[in-house]
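This report describes contacts, pockets and nonpolar cores in one protein model. The sequence and structure are shown first, and the description follows.

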Amino acid sequence: MSHDAPPVLTRVEGRAGHIVLNRPRALNALDHPMVRLVDEALTAWEHDDAVRTVVVTGAGERGLCAGGDIRAVRDDILAGGGAASAAFWHDEYVLNARIARYPKPYVAVMDGYVMGGGVGISAHGDVRVVTERSRVAMPETIIGFVLDVGATHLLTRAPGELGTHLALTGTAVGAGDALLCGLADHFVPSGRLAEFTAALADADAADVVRLYAESPPEGELAAQRAWIDSCYAADSVEEIVDRLQSCGEHAAKEAAEVLLSRSPTALKVTLAALRRARALGSLEEALNQEYRVSCACLTAPDFPEGVRAQVVDKDRRPRWSPADLASVSEADVERFFGPCAYGELGLGS
């Protein structure tokens, strides 16, 4: 992208409106101006009879979107406490809900990396296409953050405890597992994407996807359901780790090691958010809860520290506070679900 190119490109081809996330050097990471531009495009096309379908893709060859601009969020926290980030999340989560309710077919091409905010801008759509290059993840616990962009709603609807496993570990999955977990609908080989998106110009999305969708590569999670469902059904992160360590499966022991490297606070808050989201009736209610939890992260130490370790200094050695699961109390977790200092999201009210 040149310095004067907009971070979101829009065009209409035939009867398809195309939205292209255009920050390829940053793996199309979302920031506040990009959220506004996507929302403006959806507004322009919602009542335009000339546009029948909306298609969302990412510039470059590496992915649709690697998530929100977490470096910018950290800078905002360090500079002034995070008010700008809360405003960004407000508009982003409202956009996520809008995508889910959009009255025209919303086709998301989830090629390459699709993480965090990238999941929010794609996995709530009507036609969600993955390829053999897709790597879909919600890796928030790696940086001391929590599930957002409606992911608590999505992952609680995955079979068994697969969603809990993906949420706590932050594991990235390929096309087969993304389909299994309900994060995508169709597999189209990357070599046919140009044909596929071009065909949307003059045909219904449902007809086009039937022509181009193929059987996906086999995933890994279906064969691991037994130990995942058993271990992650526990009521606490400590018990999940104990079960993983003692169940006898090598992959389970590896998952336990992963969890022990993550933010203890983020793990406990994420598990609580997932369990509560199961009882919430809609995406909007889940987003309302996520907004409260996300904003609480702005005044907790682990989020800026996790971004420092992963993105800024890249030493991969975060100093979590508290440093272990036993030191994170129920009161510590409950604080994240209290009233939001920046007001409520208020979706669905």
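Leaving aside residues up to four places away in sequence, R316 touches A309 and Q310, where contact means heavy atoms within 4.5 Å. The side chain of R316 reaches the backbone oxygen of Q310 at 2.9 Å. R316 is placed in the loop between α15 and α16 (330-334). From R316 to G306 the C-alpha to C-alpha distance is 8.5 Å, and the two are ten residues apart in sequence.

The model is predicted, and local features need pLDDT of at least 70, side-chain atom pairs count only at pLDDT 80 or more, and totals for chains, interfaces and linings use all residues. Residues are numbered from 1 along each chain as its sequence is written, and side-chain values use heavy atoms, with hydrogens and water left out.

Two pockets are described next. A pocket is an open set of points on a 1 Å grid over the protein atoms alone where a 1.4 Å probe fits, with protein on both sides within 12 Å along at least five of seven lines; lining residues have an atom within 4 Å of a point.

| Largest | about 780 Å³ | A66, G67, G68, I70 and V311 |

The largest pocket is lined by 32 residues. At least two residues of this lining come from each of α2 (70-80), α3 (83-101), β6 (113-115) and α15 (302-312). By class, the lining of the largest pocket has 17 nonpolar, five polar and ten charged residues.

Two or more of them come from each of α6 (162-169), α7 (175-180) and α12 (250-261). The element that gives the most to this lining is α12, with four residues. The lining of the second largest pocket divides into nine nonpolar, eight polar and six charged residues.

The largest nonpolar core has 95 residues, and those with the most contacts inside it are W89, Y232 and L244. Such a core is a set of buried Ala, Val, Leu, Ile, Met, Phe, Trp, Tyr and Cys residues joined through side-chain atoms within 4.5 Å; buried means under 20% relative accessible area with a 1.4 Å probe, protein chains only. Not counting residues up to four places away in sequence, L244 touches W227, C231, Y232, A252, K253, A255, A256 and L259. Another core lies apart from the largest one and has 15 residues, among them A16, V129, V188 and L200.

Note on methods
Buried < 20%, exposed > 50% of the residue type's maximum accessible area, 1.4 Å probe, protein only. Points joined across faces, edges and corners; volume = space filled by probe spheres on them. Nonpolar A, V, L, I, M, F, W, Y, C, P; charged D, E, K, R; others polar. Polar contact = N/O pair within 3.5 Å; in protein donor to acceptor, adjacent residues only side chain to side chain.
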